[in-house]
Amino acid sequence: MILMSVNNQEYYDEVRVLIKAFHPFTAVEAKTTTEDVVEKTVCVTVEGRQISVSINDVILNGVAEDDSKKEVYHALKTTLYQALEKDTGKELPWGILTGVRPTKIVMGMLEEGKMQDEIRLVMRDKYRVSQRKTDLSLKVAEREQMLLKKLDYEKGFSIYIGIPFCPTTCLYCSFTSYPIAAWKKRTDEYVDALLCEMKAMAELFKGRKPDTVYFGGGTPTTLEPEQLDRILSGLEEWFDLSGLKELTVEAGRPDSVTREKFLVLKKHGVTRISINPQTMNQKTLDLIGRRHTVEQVREAFYLARECGFDNINMDLIVGLPGENQEDVRHTMEEVKKLSPENLTVHSLAIKRAAALNLWKDKFSGSIHNTDEIIEMTAQYAGQMGLNPYYLYRQKNMAGNFENVGYAKNSMEGLYNILIMEERQSIIAMGAGGSSKFVFPEENRIERIENVKDVNHYIGRLDEMIERKKKFFVENNI
Ligand code: SF4
């Protein structure tokens, strides 16, 4: 147990995330105090040892007391990082960066016209990011920049459609997902509600053309072929898809797909699908509650090829319980044989909402993720002819690494870049959908969340539509 006492609430979240990055499997308890003992003191107690960082240390690090809040905040984090580094003897690959979008910083510097060498120095000296991660961020940011140039993203928008059902719930899942068997009788009601929301949103976006559409969840392909057909027909009827660059459907679980469903997707012009093994080791699939076989992954992949899909993504997770480097190597070898056009390598993140969190103590000793394993996955991606094109981080990731999307040239998922770089408004429909509205001139981003619970989504649909309508009027969109 780590006790953290922060006498300024403002620093609470970031300090906690930084401590967790050094101690991913230890509970961090916070004790906030209003006593103004030493202004801006962060005090961490690790198994009897105390690490105290106060504003005095920060001033010693070269920040004057009257400097901006952002600078003091940055210096406080740096000082705490140094103290934790000394205490644990560990360096973090991403240094003091705890946010989910490290490439945004690099992208910002590229847009300011900074040269690569200058960016490298900032990443090393200011943020303490390792050389490898800096190289990766630069590669990704340059690729994103090149791909975004092809889009008039400020004029367009993107669409997200959420289908919150899955064959079973995975141990690590923190998405909006309900087992399809329990909802079978009500999926038609869900589709009706979703279509209603889609029609209303299409009215709001009249005269504008979406650039990308993404079906996620959940697993959209848990729906029946005629339900998928209804949703895709609605999309075509109500939105002007004449400028569409990409239509992605997550067919994530191989136990959810059939030829008939693939043919429906193909008929409606779906350009990109995902078939996600997460691992090609059967013992791990069984452990994490996927309830499908490795063979089913291969069958689903070949079936998709037969049905004409030439842009397939595969999601993998590194750091799954019980897997070592050889297990990951086996997965990479098997995926290489399939040769997908896209590959997304995630580092396991143990989220509060996931069942895995309950079993953290049981599994923590068997969760391994190292720089060598991550590097190995990058090398395999290279051998498959795939380049990194987007990356993001999550809190509480095994090894404090990142998720990286790789793709063959011209096969990248543009939606992934748009959502990560927050360049474009995304209207999200369905239970758990989180719409994001970007106002570039004001440097402002607003989010509107749909409720996650399917019953509530169906019952409170009008309220959610009204909320978005009101937002459009108030913000003059
Ligand atoms: S397939 Fe994805 S959304 Fe469905 S339960 Fe597993 S992790 Fe959650």
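Analyst: We begin with helix packing. This is a predicted model, and in it the axes of α8 and helix α9 (residues 225-238) come within 10 Å, crossing at roughly 10°. Angles under 35 degrees count as roughly parallel. α8 and α9 are therefore roughly parallel to each other.

User: Which residues make the contact between α8 and α9?

Analyst: A packing contact is read from both sides. α8 contributes Thr187, Val191, Leu194, Leu195, Met198, Lys199 and Ala202, while α9 contributes Gln227, Arg230, Ile231, Gly234, Leu235 and Trp238. By class, the contact of α8 with α9 consists of eight nonpolar, three polar and two charged residues.

User: At what angle do α8 and α19 pack, and how far apart are their axes?

Analyst: Helix α8 (residues 187-204) packs with helix α19 (residues 461-474) at an angle of about 15°, and their axes are 10 Å apart. This pair is therefore also roughly parallel, given that angles under 35 degrees are counted in that way. The crossing of α8 past α19 is right-handed. On the α8 side, the contact is made by Ala193, Cys196, Glu197, Ala200, Met201 and Leu204; on the α19 side, by Leu461, Ile465, Lys468, Lys469 and Phe472. Eight of the residues in this contact of α8 with α19 are nonpolar, none is polar and three are charged.

User: How many helices and strands does the protein chain have, and what share of its residues is buried?

Analyst: Such totals place the helix pairs in context. The protein chain has 19 helices and 17 strands. Of its 477 residues, 43% are buried. Among contacts in the chain with a separation of 6 or more, 74% are between residues 24 or more positions apart.

User: Is Asn324 buried or exposed?

Analyst: Asn324 has 11 other C-beta atoms within 10 Å, so Asn324 is exposed. Asn324 is placed in the loop between β11 (312-318) and α13 (325-338). The C-alpha atoms of Asn324 and His368 are separated by 6.3 Å, although these residues are 44 residues apart along the chain.

Key
Residues are numbered from 1 along each chain as its sequence is written. This is a predicted model: local features need pLDDT of at least 70, side-chain atom pairs count only at pLDDT 80 or more; totals for chains, interfaces and linings use all residues. Helices (H or I, at least four residues) and strands (E, at least two) are DSSP runs, numbered from the N terminus. A residue is buried if 20 or more other C-beta atoms lie within 10 Å of its own, exposed if 12 or fewer, and partly exposed in between; C-beta atoms are placed from the backbone. Axes are lines fitted to C-alpha atoms, for helices over the stretch in contact, and angles run from 0 to 180 degrees between N-to-C directions. Angles under 35 degrees count as roughly parallel, over 145 as roughly antiparallel, 65 to 115 as roughly perpendicular and the rest as oblique. A crossing is left-handed if the near helix is turned anticlockwise from the far one by less than a right angle, and right-handed if clockwise. Two residues are in contact if their C-beta atoms, placed from the backbone, lie within 7 Å. Ala, Val, Leu, Ile, Met, Phe, Trp, Tyr, Cys and Pro count as nonpolar, Asp, Glu, Lys and Arg as charged, and the others, Gly among them, as polar.
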